[in-house]
Amino acid sequence: MTSTDTVLSLEGITKRFGKLTANDHLDLSLRRGEILALLGENGAGKTTLMNILFGHYVQDEGVVRVNGEMLPPGSPGAALKAGIGMVHQHFALAENLSGLDNIRLGTEGLFALGGKAAARKKVEQIIAESGLEVDLDRKVASLTVGEKQRVEILKALYRNVRVLILDEPTAVLTPQEAEGLFTVLRRLAANGLGVIFISHKLGEVLSVSTRILVLRGGRKAGELVTADADRRAIADLMVGKAVAEVKRTAATPAETLLEFSDVHLRRGSTRESLRNVGFALRAGEIVGLAGVSGNGQGGIAALISGLAVPDQGAVLLYGEPITRADPRALVAAGVARMPEDRQHDGVVGTMSVADNIAIEEVRSGAFSRMGLLDRKAMQARATSAIAAYDIRCPGPDAEARLLSGGNVQKLILARVLEREPRVILANQPTRGLDVGAQSEVHRRIIAARDRGAAVLVISEDLDELFALADRFLVVHAGEVSDAGPSDRLDRGAVGLLMAGQAA
Amino acid sequence: MDVLLDIFGSANFWAAAIRIATPLIFGVLGALICERAGVLNLGIEGIFVAGAMAGWLAVYLGAGLWGGVLVALATGATFGLLHAVLAVILGLSQHVSGIGITLLATSLSYFTYRTALPTVTSPPRIVPFQPVSIPGLSDLPFFGPALFQQTPLTFLALAFVALVAFVLYRTPLGLAIRAVGDNPASVEAQGLSVRGLRIGAVVAGSALMALGGAFLTMSAFDAFFFGMVNGRGWICIALVVFASWQPGKALLGALLFGAFDAFQIRLQAEIGQVVPGQVFLMLPYLLSIVALVLVARRADYPRALLQPWFKGQRH
Ligand SMILES: Nc1ncnc2c1ncn2[C@@H]1O[C@H](COP(=O)(O)OP(=O)(O)OP(=O)(O)O)[C@@H](O)[C@H]1O
Ligand SMILES: [Mg+2]
């Protein structure tokens, strides 16, 4: 490695949050044209390190150098000026502005006029090259998570950067979109750009990166050249021990618990319309809903969550039609929901871990006495959930917003599964989770099935669906088709159905 | 019915409505700028008083009318800076800081007035702004007297509506202000200063609020009285919600309130013998509340309103 090739170096970076050391004397260097994958468990400190590099956080120790020049700590403006671009894991988007305005923000002089047309042209060209389609004029508030992710990526590509940081950019992209992004990344790297890429999807990491750096507990756990690495080796390095494979036994489906009968639903602000949808979820069975996002998953999830009622047809819970949009009644009746956008819809960020775990049950009596909250019981439940689900956090009183993405998901899992629900909606259940946490979530979902729950898993990740689902449904353009038992299917057939062609 | 026709048919009524609306236009624009950036400014009522007093005093001491306007602007900006230090830099409660500023600015204004003019008994007068006529427009039948015979400050207020709308929707600065009131992280991630934008917005917005007060002493009346602001600042806070944080609708809301008030005065003259006078005084406020209920129930608040921003924290 010649020193002139090094665009970026982090030297001895340390960051503490109270008692927790999120980054412990980390060193990292990046060369021109290199795609470095940064891996590690949820909470290992990846985002923290990138936030320091980009100036969102100020490090306690250590320096950041770009082309040998020291970067002033805590200044995103300086980082941008030095040619660093960042795609944030927790989207940094203004929801009241359009996608285009979010991309333009901060790139023009504050009183410059008429930059919009030129900006649009440039963005449209980037869209054409990358295949990251978004409606640039829609307000971000009305975009799906996948679309928001694309805006976030376009925002970074729009600036002419020398170093591009992507913090889990593919967590909410379809496999096709991810592939489009990789094509762009490879081309940019060939032109001399340095890329840091964070992902929990080992397949992607192996296909796109040139070098792999693994963090564990805020320290460097190891470094690999991608060409010499395989899944096993990386996973073991990340977790520090071998990751157990999850085994799924054959299902023994019993009575129908939830049924969609000829359901029609009009388009909503963030969901697509549904037509003629009919399927049944039976006790003791996991049904996988495959499909490219934006084809009707939002509507199906809204109906099962009690956020909408069908315009025509009926959703039957235990044989009774659901007539009112009443999430609380559904929760009380034993329906568990794991929402797609967990930061937004899954937790109240400013409330504690304990409050968030108890929040769906405060009326049931488990956490209240004579109409008042029973803090002791909440605390006890939280403490046991933190241990059982391995939620990495300072304690039950920590605010939920401080948790890393994967740990928020474990919190939600603890909340919904502890109640032994009869119907489970798992919408993108392992999005953003590390390999260890992924297999843990899968194990728990299968355990819930074996206990007699009916589970619907919505996912774009076919590996995940094949690992979990006993039976496949495929949604395309608002219509759902039954693809049959998973052991009689292969990826190709599901892929065709997802694209709207008969298998 | 005839009574109503008489009132709404007179150019005089509409001229009064616009005149009454003028201080509210300044105030609601000022509050709107602050809130669009995510900062509630309850100092508005006191800043009105300070603007009214400082502008008037400057004219009284010989600074000239436009000199008075500048002094009022500077006074508002100063109190805005104080609010920004407390609410933006230190991240204290915006409610507490704002109310504190209202109390401080009000009493400081009364104190200054008393110390500057220790001996006077009846309020001294200045020569206020006079209505200007715009060649052509002011001579139009009905519309001329109704719309185009106002003082310069009224025309300035209308110009500010257009200016604020232009900056907010057509310039990158406006984009940044709207973004920082929705999600400060989006602004920081694009290399702009969250604090800088918020401080700037609060200072500029507060300067405009002070002009609302100055209009009272330098245009509507010609002297400074204690209690003359009389809740106009608070009305502006409500009008911002009514306007859904949009300058055009803010103008509409202010005009509506002005029309209610002008109507109330005239109605009182017409049928004042039958109904007690207090009912009429209440009318504009009552109608405002009704309008607010009808319009603002689905109000789309700037999402980061009231939320302080500290660097390096997860939000
Ligand atoms: N501003 C903050 N205040 C307090 N704790 C924080 C803050 N930011 C991060 N942390 C903590 O630091 C640790 C590292 O978090 P970080 O977000 O860097 O993890 P990560 O490796 O990106 O995980 P994931 O894969 O889940 O995104 C976590 O325990 C997290 O709770
Ligand atoms: Mg992270």
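The model is a predicted one. B:Phe8 belongs to helix H1 of chain B, which covers residues 2–8. Leaving aside residues up to four places away in sequence, B:Phe8 is in contact with B:Phe13, B:Trp14 and B:Phe263. B:Leu153 is 145 residues from B:Phe8 along the chain, and the C-alpha atoms of the two are separated by 24 Å.

Chain B also contains a helix pair. Two packed helices are described by the angle between their axes and the distance between the axes. Helix H8 (residues 172–182) and helix H10 (residues 194–220) of chain B pack at an angle of about 100 degrees, and their axes are 10 Å apart. Because angles from 65 to 115 degrees count as roughly perpendicular, H8(B) is roughly perpendicular to H10(B). On the H8(B) side the contact is made by B:Leu173, B:Ala176, B:Ile177 and B:Val180, which meet B:Val194, B:Leu197 and B:Arg198 of H10(B). Six of the residues in this contact are nonpolar, one is charged and none is polar.

Chain A supplies the protein donors of the magnesium ion (ligand 2): OG1 of A:Thr47 and OE1 of A:Gln89, at 1.9 to 2.1 Å from the ion. A:Thr47 lies in helix H1 (residues 46–54) of chain A, whereas A:Gln89 lies in the loop between strand E6 (84–87) and helix H3 (99–104), so the pair ties together parts of chain A that are 42 residues apart in sequence. A:Thr47 counts as buried, because its relative accessibility is 11% and the limit is under 20%.

How values were computed
Residues numbered from 1 in each chain as written. Chains lettered and ligands numbered in written order. Predicted model: local features only at pLDDT ≥ 70, side-chain atom pairs only at ≥ 80, totals over all residues. Heavy atoms only, no water. Helix = DSSP H or I, 4+ residues; strand = E, 2+ residues; numbered from the N terminus. Contact = heavy atoms within 4.5 Å. Donors = N, O, S within 2.8 Å, 3.2 Å for Na, K, Ca; no water. Buried < 20%, exposed > 50% of the residue type's maximum accessible area, 1.4 Å probe, protein only. Axes fitted to C-alpha atoms, helices over the stretch in contact; angles between N-to-C directions. Parallel < 35°, antiparallel > 145°, perpendicular 65-115°, else oblique. Nonpolar A, V, L, I, M, F, W, Y, C, P; charged D, E, K, R; others polar.
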